[in-house]
Amino acid sequence: MDMELRELAGDVYACLQPDRGLGTSNSGLVNRGGGLVVDTFWDLPHTRRQIETYARVWKAPAQRLVNTHHNGDHCWGNQLFPGAEIIGHRLCAAAFGRERPEAMQALRDGAGSGDPTLETFARLLAGWDFSGIELRPPTTLMEDRLELDLDGMAVHLLYVGPAHTAGDVIVHLPSERVVFAGDVLFRLCTPIGWEGTYARWIGALDEIVALEPDVIVPGHGPLCGIDGAREMQAYLRYVQAEAKRFFAGGLSVLEAARRLDLGPYAGWTQPERIVFQIERAYRELRGEPFDAPLDVTRLFREVATLGRERNRPAQGAS
Ligand SMILES: [Zn+2]
């Protein structure tokens with residue numbers, strides 16, 4: 001559970017978790033005007049450690065939280081900020097209970113089942129403990145834009161969804177030239193997306209670039225500049241084009257994922273999560289709405305299958 005505190009500008013910090021796959025997200029702190037934290041972590045032990053990390057620089061616990069979106073790895077620690085104002089997009093709050101801590105805990109405890117997919121997830125989740133989590137959704141809801149003034153520091157919350165989820169919000173500090181991107185930006189790790197379209201996700205990254213930040217704190221992976229946003233755009237464009245070709249050829253999502261040559265992106269962590277991005281491309285190609293539910297069980301099963309195949313190249317299934 002190693003976490004790194006990085007000072008990005010005066011009174012602006014990030015708490016970074018090295019990317020180890022599922023759930024190792026990043027967070028931010030604006031240490032002014034009572035304090036504002038961008039995203040909590042996936043479980044209570046990790047969020048306690050996050051709070052200890054920030055406590056090295058803050059005088060008192062932050063009075064405001066922003067949730068960039070509803071995925072648990074960005075908000076399941078909210079309850080450890082009792083009394084804080086929780087800010088998020090209306091669609092983030094609306095989606096809050098869609099993922100359940102009890103279900104994740106059951107997955108985590110699934111080792112020994114004999115089912116290879118469940119074994120994979122039990123192993124991936126072994127470092128997390130989802131017990132005791134009470135969901136605390138945002139109660140201060142925003143639409144397109146919310147501007148705060150923290151003791152003279154401008155903090156702009158901008159809605160950029162539906163890109164990675166329907167309720168994606170980024171946090172921009174214009175004077176400090178910092179953007180907290182949430183999961184609109186995955187850096188050097190394979191993105192998973194939920195509700196949204198390729199066009200909106202690429203557009204959201206354009207919006208980040210247009211803000212001309214010096215530092216971007218991605219939802220997952222190391223700090224970067226606008227080059228990180230550009231590279232993620234290139235990835236999305238490439239995967240979308242390849243998926244279109246495979247769709248036209250009648251390939252299943254899993255078969256397309258097997259055939260897709262990841263090229264320069266092959267070194268990103270958990271490349272098998274490409275299954276999600278191909279499914280999203282297929283969803284659009286089938287003419288379905290951006291929020292048509294994904295069959296998460298099937299997709300994770302295919303992610304696990306692909307992961308096993310990639311780890312056993314000599315017995316590759318193609
Ligand atoms: Zn995330």
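Is cysteine 92 buried or exposed? Cysteine 92 is buried, with a relative accessible area of 1%; buried means under 20% relative accessible area, exposed over 50% and partly exposed in between, with a 1.4 Å probe and protein chains only. This is a predicted model, in which local features need pLDDT of at least 70 and side-chain atom pairs count only at pLDDT 80 or more, while totals for chains, interfaces and linings use all residues. Residues are numbered from 1 along each chain as its sequence is written, and side-chain values use heavy atoms, with hydrogens and water left out.

Searching the whole structure gives zero disulfides, a disulfide being a pair of cysteine sulfur atoms within 2.5 Å. For cysteine 92, the nearest cysteine sulfur is that of cysteine 75, 6.1 Å away. Cysteine 189 is in no disulfide either, and its nearest cysteine sulfur, on cysteine 224, is 10 Å away. Cysteine 189 is buried, at a relative accessible area of 0%.

Five strands form an open sheet in the order 8-9-10-11-12, with mixed pairing. Helices (H or I, at least four residues) and strands (E, at least two) are DSSP runs, numbered from the N terminus, and two strands pair if DSSP finds at least two bridges between them. Strand 8 (145-150) and strand 12 (215-220) are the edge strands, each pairing on one side only. From one strand to the next, the twist averages 25°. Axes are lines fitted to C-alpha atoms, for helices over the stretch in contact, and angles run from 0 to 180 degrees between N-to-C directions. Strand 11 (residues 178-186) and strand 12 run parallel and are joined by five bridges; glycine 182 has proline 218 of strand 12 as its bridge partner.

Helix 5 (residues 198-210) packs on the sheet and touches strand 9 (153-159), strand 10 (169-173), strand 11 and strand 12, where contact means heavy atoms within 4.5 Å. The direction of helix 5 makes about 165° with that of strand 11. Helix 6 lies across strand 11 and strand 12, at about 20° to strand 11.

Helix 6 (residues 226-248) also packs with helix 8 (residues 274-285), at an angle of about 60° and with the axes 9 Å apart. Residues in this contact include Leu236, Val239 and Phe246 of helix 6 and Ile274, Ile278 and Leu285 of helix 8.
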